[in-house]
Amino acid sequence: MHIARVFSARHVGRRRIGTFAAAALLILAVVVPADAVGPSVSAFGDAARLTDLIARASDQRAAFSRLTPREQQSVLDYTALAYVTTEQSLVGRAPSAAETLQSAAAVTCWTWTWGRDAHNVAGVLLWQFTQEIDWCGNGTTITNTPFRKVTGTPKFLWWSYQGLVADSTGGGMGSSTYRSYVEGWFSYRPIYPWMNQDDYPWLDMTAHANGAGTGSGGG
């Protein structure tokens with residue numbers, strides 16, 4: 001799956017609602033493939049209950065082996081990845097005094113967060129992979145050293161985050177753009193090893209001195 005988005009803060013100023021002095025505006029969009037949305041969680045009540053039972057067991061293998069073959073398959077189906085969605089936000093903020101002094105031109109700062117969220121067949125969250133970039137610009141030049149944070153968070157039974165398998169940056173302070181590419185690794189290790197899954201979400205994000213954010217992601 002591959003997605004691409006372009007964000008712009010050209011006409012947003014300090015990115016404040018109404019008075020432009022309250023909390024920053026959070027724009028949150030979720031892109032879900034039209035054919036990927038699974039049935040409601042209630043349709044998987046037994047699978048959810050059994051999954052929770054195994055997650056709480058001190059010996060998960062023994063708890064799983066006590067299930068019937070049909071129950072075991074329902075747990076495997078319920079814990080496996082079905083589809084991935086994208087979440088994003090681009091928020092403006094007022095620069096600090098130190099950030100303002102770095103440029104004679106008017107400076108605005110932004111925080112851009114982009115993430116990949118994995119779901120099971122019922123839409124329950126399995127893992128999250130996010131990248132956050134915070135930077136300041138005067139319209140033509142990035143005026144600070146951009147701050148970047150990458151997070152991988154497993155949320156469900158048998159899923160774990162193994163770290164980054166790719167990580168590169170370019171541009172930054174003194175340039176018109178700052179680009180960061182990251183690729184993470186999530187592993188799914190259920191009771192049966194032949195059911196193993198490995199997923200590699202990636203995010204390629206470019207922050208611009210005028211507050212725009214462009215990029216793509218997948219995995």
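## A hairpin to start with

Let's begin at the end of the chain: strand S10 and strand S11 (residues 213-218) run antiparallel and are joined by six bridges. A quick word on terms: strands (E, at least two residues) and helices (H or I, at least four) are DSSP runs, numbered from the N terminus, and two strands pair if DSSP finds at least two bridges between them. This is a predicted model, in which local features need pLDDT of at least 70 and side-chain atom pairs count only at pLDDT 80 or more, while totals for chains, interfaces and linings use all residues. Residues are numbered from 1 along each chain as its sequence is written, and side-chain values use heavy atoms, with hydrogens and water left out.

S10 and S11 make a hairpin, with four residues between the two strands. In that turn, Gly211 has a positive phi of about 95 degrees.

## The whole chain

Stepping back, the chain holds four helices and eleven strands. It has 219 residues, and 42% of them count as buried. Here buried means under 20% relative accessible area, exposed means over 50%, and partly exposed is in between (1.4 Å probe, protein chains only).

What about contacts, meaning heavy atoms within 4.5 Å? Take the contacts with a separation of 6 or more: residues 24 or more positions apart account for 64% of them.

## Strand S8 and its partners

S8 pairs with S10 in the antiparallel sense over seven bridges, and Val182 has Leu203 as its bridge partner in S10. S10 (residues 202-208) is mostly covered, with six of its seven residues buried.

S8 also runs antiparallel to S7, and eleven bridges join the two. S7 and S8 form a hairpin too, with five residues between them, and Gly172 in the turn has a positive phi of about 120 degrees. Then there is strand S9 (residues 197-199), which pairs with S8 in the antiparallel sense over three bridges. Over there, Tyr188 stands opposite Gln197 in S9.

## A closer look at Asp167

Asp167 sits in strand S7 (residues 159-171). Is Asp167 buried, exposed or partly exposed? Its relative accessible area is 44%, so Asp167 counts as partly exposed.

The bridge partner of Asp167 in S8 is Val182. Leaving aside residues up to four places away in sequence, Asp167 touches Arg148, Tyr181 and Val182. For a sense of distance, Asp167 and Val150 are 17 residues apart in sequence and 9.9 Å apart in space, C-alpha to C-alpha.

## The disulfide

A disulfide is a covalent bond between the sulfur atoms of two cysteines. The rule used here is a pair of cysteine sulfur atoms within 2.5 Å, and the count comes to one disulfide. Which cysteines does it join? They are Cys109 and Cys136, with an S to S distance of 1.9 Å.

Cys109 lies in strand S4 (residues 108-119) and Cys136 lies in strand S5 (residues 125-137), so the pair ties together parts that are 27 residues apart in sequence. The torsion about the S-S bond is about 95 degrees, so the disulfide is right-handed. Cys109 is buried, because its relative accessible area is 0%. Cys136 also has 0% relative accessibility, so Cys136 counts as buried.

## Two crossing helices

Now for some helices: the axes of H1 (residues 45-56) and H3 (residues 69-79) come within 9 Å and cross at roughly 90 degrees. That makes H1 roughly perpendicular to H3. The axes are lines fitted to C-alpha atoms, for helices over the stretch in contact, and angles run from 0 to 180 degrees between N-to-C directions. Angles under 35 degrees count as roughly parallel, over 145 as roughly antiparallel, 65 to 115 as roughly perpendicular, and the rest as oblique.

Who does the touching? H1 brings Ala47, Ala48, Leu50, Thr51 and Ile54, while H3 brings Glu71, Ser74, Val75, Tyr78 and Thr79. By class, this contact has six nonpolar, three polar and one charged residues. Ala, Val, Leu, Ile, Met, Phe, Trp, Tyr, Cys and Pro count as nonpolar, Asp, Glu, Lys and Arg as charged, and the others, Gly among them, as polar.

Key:
Contact = heavy atoms within 4.5 Å.
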